[in-house]
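Please read these notes with the sequence and the structure open beside you. They take up the points in turn.

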Amino acid sequence: QVRVVESGGGQVQSGGSLRLTCVASGMTDSIVRMGWARQIPGKTRGQREFVATIHLNGSANYADFVRDRFTITREKGQTTIFLQMSSLRPDDTAVYYCNAGHRYYDGPTNREREHDYWGQGTQVTVAS
């Protein structure tokens, strides 16, 4: 099991910045990636949209709508990640969720699989 806890949300003015923090605990040796997704009420119909992810080798991927505005980083221990958000816009208002990708061996299928563990989310509100 992996536990994921986010923090750092809040309210800012348009153009402002926030930094989100995510800490994973538990079976962290099997985490192969961590990242962020967000849920915008009324827009995504309850679905979370991908924001950014960072892999074991340090490479990162971003959604087009946050590229050059958001930066995902991690601490050396790889169980804490950050999302530095700059040039925030009102349409960035959402609940931001952190996830940790846990890789495990599935005996019945003799294959490696991955399972995402999610945090409870942190609210980010950008006022115009």
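1. Buried means under 20% relative accessible area, exposed over 50%, and partly exposed in between (1.4 Å probe, protein chains only). By that rule Cys-98 is buried, at 0% relative accessibility. Cys-22 is buried too, with a relative accessible area of 0%.

2. This is a predicted model, in which local features need pLDDT of at least 70 and side-chain atom pairs count only at pLDDT 80 or more, while totals for chains, interfaces and linings use all residues. Residues are numbered from 1 along each chain as its sequence is written, and side-chain values use heavy atoms, leaving out hydrogens and water.

3. How many disulfides are there? Taking a disulfide as a pair of cysteine sulfur atoms within 2.5 Å, the count is one. Cys-22 and Cys-98 form the link, with an S to S distance of 2.0 Å. Cys-22 sits in strand 3 (residues 18-26) and Cys-98 in strand 9 (residues 94-106), 76 residues apart, so the pair links distant parts of the chain. Strands here are DSSP runs (E, at least two residues), numbered from the N terminus. The angle about the S-S bond is -80 degrees, and the link is left-handed.

4. Asp-92 lies in the loop between strand 8 and strand 9. Is Asp-92 buried or exposed? Asp-92 counts as buried, at 0% relative accessibility. Its side chain makes a polar contact (N or O atoms within 3.5 Å, one able to donate a hydrogen and the other to accept it; residues adjacent in sequence count only if both atoms are side-chain atoms) with the side chain of Arg-38, at 2.9 Å.

Key. Helix = DSSP H or I, 4+ residues; strand = E, 2+ residues; numbered from the N terminus.
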